[in-house]
Amino acid sequence: MRKYGCAGCHDIPGMEAESRIGVELSTFGSKTKEELFFGDRTDIRETWDEWTYNKLLTPRTYETKWTSS
């Protein structure tokens, strides 16, 4: 759970002191396409809607060898 940052969004007993790894989402809807990281993906259109859909469908979809942990 620690590796994937589960405690960043979920309340997990014993992990209360873990830091939040995700971004603050209240302004996410105002991000422009240029502010989104598409990684090495070339099979999707580079739009806000496509980025968001694919990120929710497969959270690690934009991971590259440089961004993976």
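Does glycine 39 count as buried, exposed or partly exposed, and at what relative accessibility? At 25% relative accessibility, glycine 39 counts as partly exposed; buried means under 20% relative accessible area, exposed over 50%, and partly exposed in between, with a 1.4 Å probe and protein chains only.

## Basis of the model

This is a predicted model, in which local features need pLDDT of at least 70 and side-chain atom pairs count only at pLDDT 80 or more, while totals for chains, interfaces and linings use all residues. Residues are numbered from 1 along each chain as its sequence is written, and side-chain values use heavy atoms, with hydrogens and water left out.

## The chain as a whole

The protein chain has one helix and zero strands. Helices (H or I, at least four residues) and strands (E, at least two) are DSSP runs, numbered from the N terminus.

Of the 69 residues in the protein chain, 23% count as buried. The chain has an accessible surface of about 5,800 Å², and carbon and sulfur atoms account for 54% of that surface; the areas come from the Shrake-Rupley method with a 1.4 Å probe, and for residues only the protein chains shown count as cover.

## Aromatic pairs

Rings of Phe, Tyr and Trp (its six-membered ring) pair if their centres lie within 6.5 Å; planes under 30 degrees apart count as stacked, over 60 as edge-to-face and the rest as tilted. By this rule there are four aromatic pairs. One of them is the tilted pair of phenylalanine 28 and tryptophan 51, at 5.7 Å centre to centre and 40° between the planes. Phenylalanine 28 lies in the segment before α1 (48–57) and tryptophan 51 in helix α1, so this pair ties together parts that are 23 residues apart in sequence. Both phenylalanine 28 and tryptophan 51 are buried.

Phenylalanine 38 and tyrosine 62 form an edge-to-face pair, 5.9 Å centre to centre with 75° between the planes. This pair links the segment before α1, which holds phenylalanine 38, to the segment after α1, which holds tyrosine 62, 24 residues away. Phenylalanine 38 and tyrosine 62 are both buried.

## Core and contacts

The largest nonpolar core has six residues: Phe28, Leu36, Phe38, Ile44, Trp51 and Tyr62. Such a core is a set of buried Ala, Val, Leu, Ile, Met, Phe, Trp, Tyr and Cys residues joined through side-chain atoms within 4.5 Å.

Contact means heavy atoms within 4.5 Å. Leaving aside neighbours within four places in sequence, isoleucine 44 is in contact with Phe38, Glu50, Asn54 and Tyr62, and glycine 39 with Tyr62 and Thr64.
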